[in-house]
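Subject: Structure for your review

Dear colleague,

Please find the structure below, together with its sequence. My notes on what was found in it follow.

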Amino acid sequence: MSEGTSLVMESSENGTDLSQDGIGSVEEIPEDTILSRQTSVNLVPFIGQRFVSQDAAYEFYCSFAKQCGFSIRRHRTRGKDGVGRGVTRRDFTCHRGGYPQMKPSEDGKLQRNRKSSRCGCQAYMRIVKRADFDVPEWRITGFSNIHNHELLKPNEVRLLSAYSSISPDDKSRICTFAKAGMSVRQMLRLLELEKGVKLGCLPFTEIDVRNLLQSLRHVDRDNDAVDLIAMCKKLKDENPNFKYDFRIDGHNRVEHLAWSYASSVQLYEVFGDAVVFDTTHRLDAYDMLLGVWVGVDNHGITCFFGCVLLRDETLQSFCWALKTFLGFMKGKAPQTILTDQNVWLKEAIAIEMSATKHALCIWHISVKFSDWFSVLLGSRYDDWKAEFLRLYNLELVEDFEQEWREMVDKYGLHENKHIASLYALRTLWALPFLRCYFFAGMMSTFQPESINAFVQQFLSAQPQLDHFIERVADIVDFNNEVGAKQKMQQKMNKVCLTTGSPIESHAAAVLTPYAFNKFQEEFVSAPKYASILVDEGCFHVRHHTQVDGGSKVIWVPREQLISCSCHHFEFSGILCRHVLRVLLTNNCFHIPDQYLPTRWRGVNSSSKATTPRAPAERIQLLESMVSTIITESMETEVRLDEACEQIAMVLSHIKELPRPTHNGVDSSRKQRHGSLSCCGQFEHDSSDCPIIEGDNLNGDALGFL
């Protein structure tokens with residue numbers, strides 16, 4: 001037994017034993033227990049510790065192992081990348097874990113017994129993937145630091161292959177791979193195949209390769225600029241609407257490059273009101289930052305606006321990128337733009353897009369929480385995270401300010417630098433400060449993940465720069481085709497109305513299925529709220545279980561203006577449940593055009609508010625109004641008589657209006673006899689129907705209709 005640390009910890013999922021090999025006893029320790037520091041390392045792994053990725057966990061355990069006097073290797077996994085949920089569990093073991101195995105050769109003879117350092121060591125660390133609050137992270141669920149061999153001294157551990165330098169031959173191969181545009185992970189996989197070693201058993205790690213690439217930035221790229229410009233010119237010749245711009249540095253290398261396709265410019269004209277500028281990825285082989293402009297269309301599908309490659313992250317570089325993008329889009333700036341936290345990008349947006357509201361993507365912020373707070377808060381981390389997300393979704397600024405202070409006091413975070421930074425930037429990420437601005441639903445956790453998956457497709461293959469532009473074009477075209485199929489599928493699915501309300505029917509006829517689903521979520525919740533008239537045109541709306549609080553709704557029927565203090569319409573473009581409750585209470589059967597935004601309408605109804613509605617939409621609206629009239633008229637005899645009288649007058653007036661003619665012939669007379677009429681009888685049409693021809697429309701006839 002080693003003289004080093006003797007620590008065993010295990011966390012069980014679903015009550016099952018999670019020991020490394022299912023043998024031996026494992027001491028059960030509560031999850032909130034932090035290991036005592038029995039070694040000289042800075043930090044010992046503990047159950048419940050969180051990491052943003054597998055690589056982060058591997059690097060942490062590798063540092064721990066190096067200080068203890070051993071090295072590690074990747075061992076077992078559960079799941080497979082790209083299949084189902086992907087890899088959900090990973091084991092890291094001591095490099096001396098397991099035993100050497102005799103493998104038969106091709107001729108059936110056993111290989112000679114080579115020397116091996118493996119001695120069945122049981123030291124390991126297990127991580128499991130979980131997704132709390134829609135943010136994936138990796139947690140330590142098993143850890144043992146009991147070794148059955150001697151640990152090496154500091155001057156000896158550096159001689160282990162895992163901590164040795166990369167050989168000249170491997171450096172040459174990595175340089176060749178970089179020229180071919182391979183990612184670092186692809187390089188490692190190919191080297192493992194070439195060397196015939198198991199996964200994770202190379203004498204160097206991913207971090208070593210990345211550090212090497214940083215020192216090999218003088219890869220021969222003399223012809224890159226010429227090839228790249230030639231490719232852009234070719235695309236421009238094929239399609240004059242292709243947009244591109246670039247800048248070459250003093251060494252004849254591409255310093256900056258931006259481009260956009262014709263389809264992207266057209267999409268931006270309609271859906272460029274809210275934009276995400278993702279700058280969180282890089283082209284490793286060329287050490288260039290990759291920036292992608294994306295948004296969402298009226299069907300909630302990610303749409304591509306433009307792309308940029310930058311040599312560095314400076315104020316001048318970001319200003320060039322934003323100015324070039326605006327040039328592609330005819331000077332039209334978005335209403336809002338979402339980015340990652342970058343001080344130079346923030347300054348560039350203030351300069352080049354001064355009228356655009358800048359906000360930080362909460363998804364990029366929340367994925368860092370496990371690194372910032374999991375060790376600090378321990379078992380209270382989950383409670384704190386839930387509390388943070390609750391504050392994030394508050395409606396009022398005053399409530400946020402007060403409850404933020406209470407949260408800081410409760411968890412003792414007064415001196416924490418990350419909390420101080422988040423509070424200083426609260427106007428850029430907290431929803432109480434952003435609800436007055438339109439973000440097209442991209443502030444939710446699902447949409448940024450969808451956008452991130454879209455951008456990841458660009459990084460799946462990193463060929464030479466000129467081919468990279470072609471690769472992006474192929475991905476954009478493919479996603480456009482997939483989006484078209486999704487839109488067609490949405491249209492083919494029958495819209496299910498939950499009520500007979502004309503308001504719901506009106507929204508279903510105008511909005512896309514995606515937008516109507518958002519509207520319907522609010523509409524079905526509206527009856528749960530009470531609407532109280534407090535002044536002329538002013539209503540107080542709150543949930544039926546609430547005594548205090550609620551939202552203030554202002555309604556001016558004559559001017560068709562309505563607003564709510566929750567600012568849900570301004571934020572998402574969809575009317576809130578409070579407004580819908582007021583409309584229902586006051587017998588409003590029609591939604592004003594300005595509250596059915598063009599960007600959420602279908603193709604047939606996406607015209608401006610001044611354009612008349614399509615006939616199909618007006619027919620559906622008329623049908624819903626007739627249905628409502630019948631329902632309301634049946635309650636009393638007085639209502640029924642009044643309805644019959646008024647409808648008879650309307651029908652008489654309509655019959656006096658001219659009919660459309662073709663070559664002087666009344667089109668209504670050209671209908672084929674034998675068609676089913678309004679009364680259900682044959683041999684006449686609606687103009688000759690005995691029920692509605694005269695002015696003696698009675699209750700029985702109305703009931704039949």
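Helices (H or I, at least four residues) and strands (E, at least two) are taken here as DSSP runs, numbered from the N terminus. On that basis the chain has 24 helices and 19 strands. The model is predicted, with local features requiring pLDDT of at least 70 and side-chain atom pairs counted only at pLDDT 80 or more, while totals for chains, interfaces and linings use all residues. Residues are numbered from 1 along each chain as its sequence is written, and side-chain values use heavy atoms, with hydrogens and water left out.

Burial and contacts

A residue is called buried under 20% relative accessible area, exposed over 50%, and partly exposed in between (1.4 Å probe, protein chains only). Of the 705 residues of the chain, 46% count as buried. A contact means heavy atoms within 4.5 Å. Among contacts in the chain with a separation of 6 or more, 60% are between residues 24 or more positions apart.

Nonpolar cores

A nonpolar core is a set of buried Ala, Val, Leu, Ile, Met, Phe, Trp, Tyr and Cys residues joined through side-chain atoms within 4.5 Å. The largest one has 96 residues, and those with the most contacts inside it are Trp259, Tyr261, Trp384, Phe388, Trp404, Trp429 and Phe519. Helix 12 (residues 381-392) supplies the largest share of this core, six residues. A second, separate core of 27 residues includes Ile47, Met125, Trp138 and Leu151. Returning to Phe519, its contacts, not counting residues up to four places away in sequence, are Ile503, Glu504, Ala507, Leu511, Ile574, Leu580 and Ile591.

Strands 16 and 17

Two strands are said to pair if DSSP finds at least two bridges between them. Strand 16 (residues 551-556) and strand 17 run antiparallel and are joined by four bridges. Trp555 stands opposite Ile562 in strand 17. The hairpin of these strands has four residues between them, and Gln560 takes a positive phi near 55° there. In a regular strand the side chains alternate between the two faces of the sheet. Strand 17 (residues 561-564) has Ile562 and Cys564 on a covered face, and Leu561 and Ser563 on an uncovered one.

Ser264 is found in helix 7 (residues 262-271) and is buried, at 0% relative accessibility. Leaving aside neighbours within four places in sequence, Ser264 is in contact with Phe304, Phe305 and Met329. Thr324 lies in helix 8 (residues 315-328) and is likewise buried, with a relative accessible area of 8%. With neighbours within four places in sequence again left aside, Thr324 is in contact with Asp245 and Ala258.

Kind regards
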